[in-house]
Amino acid sequence: MADLSRAHMLAVHHLLRDRRDFVALSPTWRRIHQAFELGEPDGKQLRFDDQQRRLLREQAQLAWGFDPLAGIPEGDRRTVAASAIDEKIAPERPDARFVLLKGRLPPPLPELAPELSLRVPLDSIDPNGITQILVIENLDSFDDWHAFVRPTELADALVLYRGHGGLARGTRRLLAGLSPHIPISVFPDWDPAGLFIAQTLPRADALLVPDLDQALLNKGSRAHFNRQHRATAHLDRADLRDWSSLWETMKTHGLSIKQQHMLALGTRLRRVMRNDMRR
């Protein structure tokens, strides 16, 4: 029973809730049938009478720790563990309410040396103490942010790792809840995937890009650029506003340039606003 996933549990819940007499004999239901040996196969269907539904409910509750008719537990693993035997069915990942920060942290969070970062829960961040935010795509570039040749106007920025999985959800939650008066800059790789990340965040007011020279262009990868065809297709349709010229330049070169090469070559970074109010 341990290898039954949340999707299997939801399938059982829907059967019991709707008092269904049959379900399609899909891979999901084949696995449930194998686990509980309940239901009568009938061609491409699996049939249940009242007694079989009752037995399925009882056996599932014994195996899972909660009544599947009442629904599948929601929340994080600690919350789900209060009722479920397998707490890993929790839909909320452990990092979903956390972010990884460095730079100018808002009070009462501590001051940090440039090389240090802090993983904090979202509810510990006072948005009133944030002047501006910089989101960085890659973890090692986030760690090395203090070593980049960066714009001086970002000196007071709260620096945020974009993250993956749960951390990425935490980042998106933080950005979505900020006042529109707090500017958000994004520093990704110089390639379609990086621009896609910036364009699809809940908010992004500026993009941090490298000053291109031949030494940096020589480090670019055409193969990596060409593999990012989904991001390319999206960007060709997207409203990039004042980032459109950057996208055209990126396509002209057809190269993926990584943040690590910008750091290694001491490349100067500059900010490009999404909506240039000077015009």
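The legends below describe close-up views of one predicted model.

Residues are numbered from 1 along each chain as its sequence is written, and side-chain values use heavy atoms, with hydrogens and water left out. Because the model is predicted, local features need pLDDT of at least 70 and side-chain atom pairs count only at pLDDT 80 or more, whereas totals for chains, interfaces and linings use all residues.

Figure 1. The structure holds one cavity of 30 Å³ or more, and the largest cavity contains about 40 Å³ of space. On a 1 Å grid over the protein atoms alone, a cavity is a set of points where a 1.4 Å probe fits but cannot get out, a pocket is an open set with protein on both sides within 12 Å along at least five of seven lines, and lining residues have an atom within 4 Å of a point. Grid points are joined across faces, edges and corners, and a volume is the space filled by probe spheres set on the points. The lining of the largest cavity consists of P188, D189, W190, D191, G194, L195, L207, L208, P210 and M250. At least two of the lining residues come from each of α7 (192-200) and β9 (206-210), and β9 gives the largest share, three residues. Helices (H or I, at least four residues) and strands (E, at least two) are DSSP runs, numbered from the N terminus. By residue class, the lining of this cavity holds seven nonpolar, one polar and two charged residues. Here Ala, Val, Leu, Ile, Met, Phe, Trp, Tyr, Cys and Pro count as nonpolar, Asp, Glu, Lys and Arg as charged, and the others, Gly among them, as polar.

**Figure 2. The nonpolar cores.** In soluble globular proteins, nonpolar side chains tend to be buried together. A nonpolar core is a set of buried Ala, Val, Leu, Ile, Met, Phe, Trp, Tyr and Cys residues joined through side-chain atoms within 4.5 Å; buried means under 20% relative accessible area, exposed over 50%, and partly exposed in between (1.4 Å probe, protein chains only). In this model the largest nonpolar core has 52 residues, and those with the most contacts inside it are L101, I125, I133, L134, W145, F187 and W243. A second, separate core has 24 residues, including A11, L25, I32 and L56.

**Figure 3. The surroundings of F187.** Contact means heavy atoms within 4.5 Å. With neighbours within four places in sequence left aside, F187 is in contact with L134, V135, I136, E137, W145, F148, L208, Q259, M262 and L269. F187 and two of these partners, L134 and W145, are among the residues with the most contacts inside the largest nonpolar core.

**Figure 4. Selected salt bridges.** A salt bridge is a side-chain nitrogen of Lys or Arg within 4 Å of a carboxyl oxygen of Asp or Glu, and by this rule the count comes to 20. One of them joins the side chains of R31 and D3, at 2.7 Å from N to O. This pair links distant parts of the chain, 28 residues apart: R31 lies in helix α2 (residues 27-36) and D3 in the segment before α1 (6-18). D3 counts as exposed because its relative accessibility is 51%. In another salt bridge, between K251 and D236, the closest N and O atoms are 2.8 Å apart. That pair also links distant parts of the chain, with K251 in helix α11 (residues 244-253) and D236 in helix α10 (residues 229-237), 15 residues apart. K251, at 32% relative accessibility, is partly exposed, and D236, at 45%, is partly exposed.

**Figure 5. The largest pocket and R150.** About 280 Å³ of space lies in the largest pocket. Its lining has 16 residues, of which G103, P114, W145, R150 and A155 lie nearest the pocket centre. The lining of this pocket divides into ten nonpolar, three polar and three charged residues. R150 is placed in the loop between α5 (139-143) and β7 (158-161) and is partly exposed, with a relative accessible area of 34%. R150 and R270 are 120 residues apart in sequence, yet 7.0 Å apart in space, C-alpha to C-alpha.

**Figure 6. Backbone features.** Most residues other than glycine have a negative phi, and most peptide bonds are trans. A cis peptide bond joins P107 and P108, with omega about 5°. P108 is placed in the loop between β4 (98-103) and β5 (118-121). R19 has a positive phi, near 50°, and is found in the loop between α1 and β1 (22-24).
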